[in-house]
Amino acid sequence: MGNLDSPPTVGNELSEYQGEFTTAQNVVETHDPIIFEELCTINTMEDLYLESNNITYLGFKVSLAMGARFAPSYANVFMGLNIRNYQTVLAFIFAIEEINRNPDLLPNITLGFHIIDTCSNEERVIAGMFDILSGGTIPVPNFSCCILNNVVGVVDGISSKNTILLARLLGMYRIPQVSCSSLDVILSDKLQFPAFYRTVPSDDLQCAAIVHLLKYFHWTWVGLFVSDDESGLKISQMLQKDFAKNEICVAFLEFLPLKDYIDETRRPQIAKNINSTNVIIVYGDRNYMFSLQLQLFLFPIPEKVWIISSQWDITFGSDLYFLSLQPFNGSLAFALYKTPIPNFEKFTQGIRPDLYPKDIFIDNVWFWVFQCKWKKNASDPEKCTGKEKLQYDDLTSYSYIIYNAVYALAHALHSMYSSNPKKQSDGHYFKSWKLHKYLKNLYFTNNAGSEVFFDDNGNMPLKFEILNWIVYPNDTLDGIKVGNFDPQHAYHNFTIHESLIRWSSAFNQTPHSTCSETCLPGYRKSPKVGHPTCCHDCIPCLEGEISNQTDMEECIKCPENQWSNTKRDMCVYKIIIYLSYEEPLGTSLVLISIIFFFLTCFVSLLFTKYRKTPIVKANNQDLSYILLFSLKTCFLCNLLFIGHPIQVTCILRQTIFGVTFSISLSSILAKTITVIIAFNVTKPASKLRNWMRSRVPNLVVFVCSLFQMTICAGWLGTSPPFPYYNMEDEIGMIIAQCNEGSALGFYCVLGFTGILSCVCFIIAFFARNLPNSFNEAKFITFSMLVFCSVWISFVPAYLSTKGKYVVAVEIFAIQASSMALLGCIFIPKCYIILVKPECNTRNFVKKMNCIILK
């Protein structure tokens, strides 16, 4: 559209004249042609001239055009005029008169006005504007047909559709337009509407306020009614886009026709849709509410929470559009911020038809409000007394907004003349397009103490109030302020006092509106296939995961050292488990180990006491004592496996176990070798005779034990065992156990022990058929068979067991193998010593006259 600071190029510019000028004009929109049909058909544009007697004319006048709402409701067709709408017209007049009386604002300049009724007709909007621009009885675009006022700007209060139409026309002429009603977001586009301003915020701010309200109450399943026009379509798209970003779903979307019935085939479906949710948003002006209220009248539904946009402009305490207000009890409505205008109430109470004879509306106002007629005939029984005064129980927000609009143009005009005082004496050269520079930089404080300015898009970021609608039994409506939305605050711009809200009696508490039940802590949301994103199932969190808030998308995994509780709503520290002395299994293993330790001690004492008897001497006393000592150590080393692992126990238990078992097995190997030497030494010319008195058996024990010690030393020197917490094997528990460090070292220790046991078994197996005088090989064979069976079974059991039972398996293997050695090698000899002493003689031992195990 070009630069606003340059003149418009639309053919011939409007002519300018000195002399008497008509005053500012005000386009008044009626939303019900039935009531104002007489005005729209009989009165011409010139007849709708309204001028205050208080205006003074000093030098020349500047035109100020305005379009303000003057819209009786549907109910007023039968019940009369809505006096609140007339108040907005009076606010416009009051602002002009107040400016004209102010010596500091626009000195030597008088503002006037002219009201044009458009009757909600686009043709009349255009005709009215051409009448202002052309100034003749027959409007001619781009030409001045008679003496014409300088037009400062246009202040409109008509519908969005007509406002946009007007903005396109005035944009070509760069004539400033200040709207008091249209929130349409498209009007913020300065490329399309370079001359447009408004003293109300745009729709995107109200959409943001609605989203904040829904998020505060966690309402994620809402219905949406919008007007069936281009504005309603844009609003529905904008809301759905904002809802999608905030995980709010639209249960249904319905378009309301303008002052028309909803198609009968749609009504049952709309009723079903309304019942599908507890929260319904109604976005659009009151012209579209007739079809909705008729729907609610024909299809009564349980009370819902209606969220109502500010475009409804409903006046509390008066008869409105609705056949019944009860369905809207407890609802929430947005209203534009309003501040009482100083002295305005006093001004309205002083309004009388005789003071404003050219006001064509005032007679109708007096008739509907006071049921009297303002006539000169004194004998007329319906004649007004002249003492009537208009009273207002509440001030509408539009009065305050129109008041700001008039003052905005006045301050911009004042700034323009203040910047170049010489032009005040040459006002006929005034160009309205020059006013944009000052409107864009406008900033002042009005008489109500509020700051007035336009943002970069020409919008005034006015605050929204949130009202709670309360419908009384007599079907009257009242509104309580329960919160506000202030777009000027970056943080905490939304506040609401929930304790002040009185919900409908249908709700015992704050209403809920979700597609699915709320997922409690311990559960997560799982989307339903084929349903909107707000519809979900509640799935319990897995073990080790929690959800500590409602409606969580994903469960939170607990830290490594924590686990979820039974409700899956809190992470608790894992229980540290180990094979302890206090538990039954640990106690049992300790008792068994101690019992067999003392049993081994008893055998040692018995062998010591009867060391000179043949049965003891025949079994190599030194090797027997070494074997008994190693077995006692094996039984005691089990105690190192029980209890909380520490560094010392982790190092000692496997090394002591490995070394003592190697000593035991090497002693048995030496015994077996001794048996073989003893058998072969009796043969003639045997070379083994020289080995009988040698230290060969002891050397076998020493070498085998030393080799095992070397393996253990290398293991401990490279990667020794250490205590650690195993958090993987047991769900929800921490296993305190010893990490073997080097697996190779551990398996070498076990492997060497296994090799010794296999060698012992093989040698003893081949020596089992020696003469009965040397039948100890049979007992060694059987003991090693049990020993090998135990450790072969140990391997799969050890690998398949987890937790503290791994330790129990190893202890059991040590105990079982040790008991096999003790029982198979020493118990038969103890039996002879204690039970068969007659067999414990040299001759009996040689000849084996006794059957030992008989």
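Which elements do the buried residues of α8 pack against?

Guide: The buried residues of α8 pack against strands β8 (221-227), β9 (249-256) and β10 (279-283), and against helix α9 (289-298). Contact here means heavy atoms within 4.5 Å. Helices (H or I, at least four residues) and strands (E, at least two) are DSSP runs, numbered from the N terminus. This is a predicted model, in which local features need pLDDT of at least 70 and side-chain atom pairs count only at pLDDT 80 or more, while totals for chains, interfaces and linings use all residues. Residues are numbered from 1 along each chain as its sequence is written, and side-chain values use heavy atoms, with hydrogens and water left out.

Helix α8 covers residues 267-275, and its buried residues are R267, I270, A271, N273 and I274. Viewed down the axis of α8, these buried residues fall within an arc of 160°, so they line one face of the helix. The arc is taken from the directions that run from the helix axis to the C-beta atoms. Buried means under 20% relative accessible area, exposed over 50%, and partly exposed in between (1.4 Å probe, protein chains only).

Of its 854 residues, 54% count as buried. Among contacts between residues at least 6 apart in sequence, 72% join residues at least 24 apart.

L606 lies in helix α14 (residues 584-609) and, at 6% relative accessibility, counts as buried. Leaving aside neighbours within four places in sequence, L606 is in contact with C830, I833 and L834. L606 and L834 are 228 residues apart in sequence, yet 9.1 Å apart in space, C-alpha to C-alpha. Q815, in helix α21 (residues 804-834), is buried at 2% relative accessibility. Not counting residues up to four places away in sequence, Q815 touches L589, I592, S593, F635 and N638.

Aromatic side chains give another view. Rings of Phe, Tyr and Trp (its six-membered ring) pair if their centres lie within 6.5 Å; planes under 30 degrees apart count as stacked, over 60 as edge-to-face and the rest as tilted. The structure holds 34 aromatic pairs. One of them, Y197 with F454, is tilted, at 5.3 Å centre to centre and 45° between the planes. Y197 is in strand β7 (residues 196-198) and F454 in the loop between β14 (451-453) and β15 (464-471), so the pair joins parts of the chain 257 residues apart. Y197 counts as buried at 2% relative accessibility, and F454 is buried at 5%. K190 lies over the face of Y197, at 4.7 Å from the ring centre. A charge sits over a ring if NZ of Lys or CZ of Arg is within 6 Å of the ring centre and within 35 degrees of the ring normal.

Ring pairs also link F657, F661, W715, F746, Y747, F787, W791, F794 and Y798 into a cluster. The buried residues of helix α19 include F746, F752 and C760.
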